[in-house]
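Work through the exercises below with the sequence and the model open. Try each task before reading its solution.

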Amino acid sequence: MKTLQMIACLVSLSAVALAAPPNSFSPFSTPSASPTPPPPELVEYINEGKAAYTRGDYQAAQQAFEMAYQLDSRNIVAIGYLKRLKADAALGKTRSVPMDRQLAAVMIPQIQFHDATLGSAVDYLKSTVKRQTKNQVSVNIVVELPAEEMATKTVTLNLSNVPFTEALKYLGSVANLDIQYDKYAIIMKPNAQYTKAAAPAPAPGEPVTQKLPGQ
């Protein structure tokens, strides 16, 4: 009798297992596989788009989210931001980002200038901006110095993982140059320290005169 009851119980459990939906839990089912993580490239585009949108660079945000959408057309983050960008454009929110704010988001991974010419240092920073932004951002730097000084004046600077704006500030400090952000270019011009250092020393035996206050 007990044997018949055990057989009936096993038959009943088998019937329940077969009738259960494929994804429902049963003693005979195996746990479902964990969701596949998104590819790193997709995550990178999403993060770039979010950062660009936050700082108001809608064009860069549009490009980043479009690339993300091409990789995954069902990504809800990319779809949501693309809809928001379309709405922003309809409302006329297409403001341009000031140059200093845009360049502050560009990180320079490494700077190692050891008696490098000022001209080569400036060229390195310009090329690094293009490389770090995948040619999406370029910068014009105008140094108000003669070409001869650009080729002979040397600077020494070691930095790691700094925003472009800070790197340029440090370069200006060691080169005694003031920095001014215009609409289409960055102007670097000699400051008072540069002028003082460049002033010729008095000839031997020549008296040094100093004006007193009120003269």
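This is a predicted model.

**Exercise 1. Classify Asp 115 as buried, partly exposed or exposed, and describe its backbone.**

Solution. 
- Start with accessibility. The relative value for Asp 115 is 48%, so Asp 115 counts as partly exposed. The cut-offs are under 20% for buried and over 50% for exposed.
- Asp 115 belongs to strand E1.
- Check phi. Asp 115 is not a glycine, yet its phi is positive, about 55 degrees.

**Exercise 2. Find what Asn 158 touches beyond its sequence neighbours, and say whether it is buried or exposed.**

Solution. 
- Asn 158 is in strand E3.
- Leave out residues up to four places away in sequence. Asn 158 then touches Ile 111, Gln 112 and Phe 113.
- Take Phe 113. It lies 45 residues from Asn 158 along the chain, but the two C-alpha atoms are separated by 6.2 Å.
- The relative accessible area of Asn 158 is 55%, so Asn 158 is exposed.

**Exercise 3. Describe how H2 packs on H4.**

Solution. 
- Locate the helices. H2 covers residues 40-54 and H4 covers residues 76-90.
- Take the geometry. Their axes come within 11 Å and cross at roughly 30 degrees. Angles under 35 degrees count as roughly parallel, so H2 is roughly parallel to H4.
- The crossing of H2 and H4 is left-handed.
- List the contacts. H2 supplies Ile 46, Lys 50 and Tyr 53; H4 supplies Val 77, Ala 78, Tyr 81, Arg 84, Leu 85 and Asp 88.
- Sort these residues. Six are nonpolar, three are charged and none is polar.

**Exercise 4. Which elements build the largest nonpolar core, and what does Phe 164 contact?**

Solution. 
- Recall the general rule. In soluble globular proteins, nonpolar side chains tend to be buried together.
- Size the core. The largest nonpolar core has 31 residues. Leu 118, Ile 141, Val 143, Phe 164 and Leu 171 have the most contacts inside it.
- Name the elements giving two or more residues. The helices are H5 (99-104), H6 (118-132) and H8 (164-175). The strands are E1 (107-117), E2 (141-143), E3 (154-163) and E5 (186-190).
- Follow Phe 164. Setting aside neighbours within four places in sequence, Phe 164 contacts Leu 103, Val 106, Ile 108, Leu 125, Val 129, Val 139, Ile 141 and Ile 186.
- Look for another core. A second, separate one has 14 residues, including Ile 46, Tyr 53, Ala 60 and Ala 61.

Conventions. Residues are numbered from 1 along each chain as its sequence is written. This is a predicted model: local features need pLDDT of at least 70, side-chain atom pairs count only at pLDDT 80 or more; totals for chains, interfaces and linings use all residues. Side-chain values use heavy atoms; hydrogens and water are left out. Axes are lines fitted to C-alpha atoms, for helices over the stretch in contact, and angles run from 0 to 180 degrees between N-to-C directions. Helices (H or I, at least four residues) and strands (E, at least two) are DSSP runs, numbered from the N terminus. Angles under 35 degrees count as roughly parallel, over 145 as roughly antiparallel, 65 to 115 as roughly perpendicular and the rest as oblique. A crossing is left-handed if the near helix is turned anticlockwise from the far one by less than a right angle, and right-handed if clockwise. Contact means heavy atoms within 4.5 Å. Ala, Val, Leu, Ile, Met, Phe, Trp, Tyr, Cys and Pro count as nonpolar, Asp, Glu, Lys and Arg as charged, and the others, Gly among them, as polar. A nonpolar core is a set of buried Ala, Val, Leu, Ile, Met, Phe, Trp, Tyr and Cys residues joined through side-chain atoms within 4.5 Å. Buried means under 20% relative accessible area, exposed over 50%, partly exposed in between (1.4 Å probe, protein chains only).
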